[in-house]
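Look over the sequence and the structure below.

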Amino acid sequence: MLLVITGIGDGTVDVLADEFSAPFFRFNLDDFASYTFEMSQDSWKITNPTGHSISSENASRCFWWKAFMYQLSHDKYVKEELKVIAENLYSWFSRKGLIVGNPPYLEKYLGKLTQASIAKNYFKVPNQKICWGGLELSSEDPGKNWVVKSLSANLTDSGKALFTTEIKVNELDPKYPWYIQEKIESLSDVTILCAGTNYFAFSRSRESLSGLDWRREQFTNPISWVPLNLDAKINEKLTNMLKDMEIDWGRVDFLQVDNELIFLEINPNGQWVFLDGQNSIGLVSKVADYIMHGSTH
């Protein structure tokens, strides 16, 4: 049986539930008190509020998806304990090679600059740096335009988010850490959802964007994502890059410039349902099949 470790408010699992071809068990980490849980060094068992159970006896694979604890009002200590407990459970599957998708901590060893270092062997990659305390630009850099981006995607204490924003490097406050990237002029965003050996590519025009980051306008701008056919050469590059990264799941973001893809980053557990929200081209069904039957590691 498939175990999905997630959160009670996650809509993606709600969508997938109708497409899974076999019974699965949803463990909402932020609703832990509604379950009974027991784990020893040899075995474990979880029972949900309706009395259904999953255990070390019948579990066959595990998929970790957005197990945030925003709705959990308990003390920070309790949240941290639950996080470690969930990671212990996840590691049980990992040791047995029963993981599908990516672990929640993947970016700890596949960070943005590591991704770029690997990706440049297959695609063009913009110059990028992490810095504070002043920035030494190489001789060719001063003529470039730069944007600042968030590495963690976390909110500030006041609830604000840092989206991709064009900046002047010499105006950055040296007391803070910054992730800057060369600005690429492009008319189209391209994102590719990778699920095993299946790649689902989509493009979106940037012509009507009021800013640089399409995520800021995801729910307000009517321009939609359009399915995109990838040629064999791009497929081969993508396959080899993912093999180098040792992953087979994630959403890869590019900018398209003169019919060439410029690599930006890979979101190891990035949202994807918005690409085909009505399952018109069968994206949800195909992802559900990957999670239920695709390769494990």
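This is a predicted model: local features need pLDDT of at least 70, side-chain atom pairs count only at pLDDT 80 or more; totals for chains, interfaces and linings use all residues.

P104 sits in the loop between α2 (76-95) and α3 (112-119).

Apart from residues up to four places away in sequence, P104 touches W64, Y90 and N269. A further distance involves W65: this residue and P104 are 39 residues apart along the chain, and their C-alpha atoms are separated by 7.9 Å.

## T6 in strand β1

Is T6 buried or exposed? Its relative accessible area is 0%, so T6 is buried. T6 belongs to strand β1, which covers residues 2-6.

Which residues does T6 contact, if neighbours within four places in sequence are left aside? The list is V13, R26, F27, N28, L29, W65, K66 and A67.

How many disulfides does a search of the whole structure find? The search finds zero.

Helix α5 spans residues 283-293. Its buried residues are L283, V284, V287, A288, Y290, I291 and M292.

Against which elements do the buried residues of α5 pack? One of them is a helix, α1 (11-17). The others are the strands β1, β6 (61-64), β11 (188-195), β12 (198-205) and β14. Strand β1 is also the place of T6.

## Two residues with positive phi

Most residues other than glycine have a negative phi. D258 is not a glycine, yet its phi is positive, at about 50 degrees. D258 lies in the loop between β14 (249-257) and β15 (260-267). With a relative accessibility of 75%, D258 counts as exposed, because the cut-off for exposed is over 50%.

N279 also has a positive phi without being a glycine; the value is near 60 degrees. Where is N279 placed? N279 is in the loop between β15 and α5.

## The protein as a whole

The secondary structure comes to five helices and 15 strands. Along its principal axes, the C-alpha trace spans about 65 × 45 × 35 Å.

Of the 297 residues, 45% count as buried. The protein exposes about 16,100 Å², and carbon and sulfur atoms supply 49% of this area. Among contacts between residues at least 6 apart in sequence, 61% join residues at least 24 apart. As for charge, the protein has 29 positive and 38 negative side chains. The centres of these two sets lie 2 Å apart.

Technical notes: Residues are numbered from 1 along each chain as its sequence is written. Side-chain values use heavy atoms; hydrogens and water are left out. Helices (H or I, at least four residues) and strands (E, at least two) are DSSP runs, numbered from the N terminus. Buried means under 20% relative accessible area, exposed over 50%, partly exposed in between (1.4 Å probe, protein chains only). Contact means heavy atoms within 4.5 Å. A disulfide is a pair of cysteine sulfur atoms within 2.5 Å. Accessible areas come from the Shrake-Rupley method with a 1.4 Å probe; for residues, only the protein chains shown count as cover. Lys and Arg count as positive and Asp and Glu as negative; His and the chain ends are not counted. The place of a charge is taken as NZ of Lys, CZ of Arg, CG of Asp or CD of Glu.
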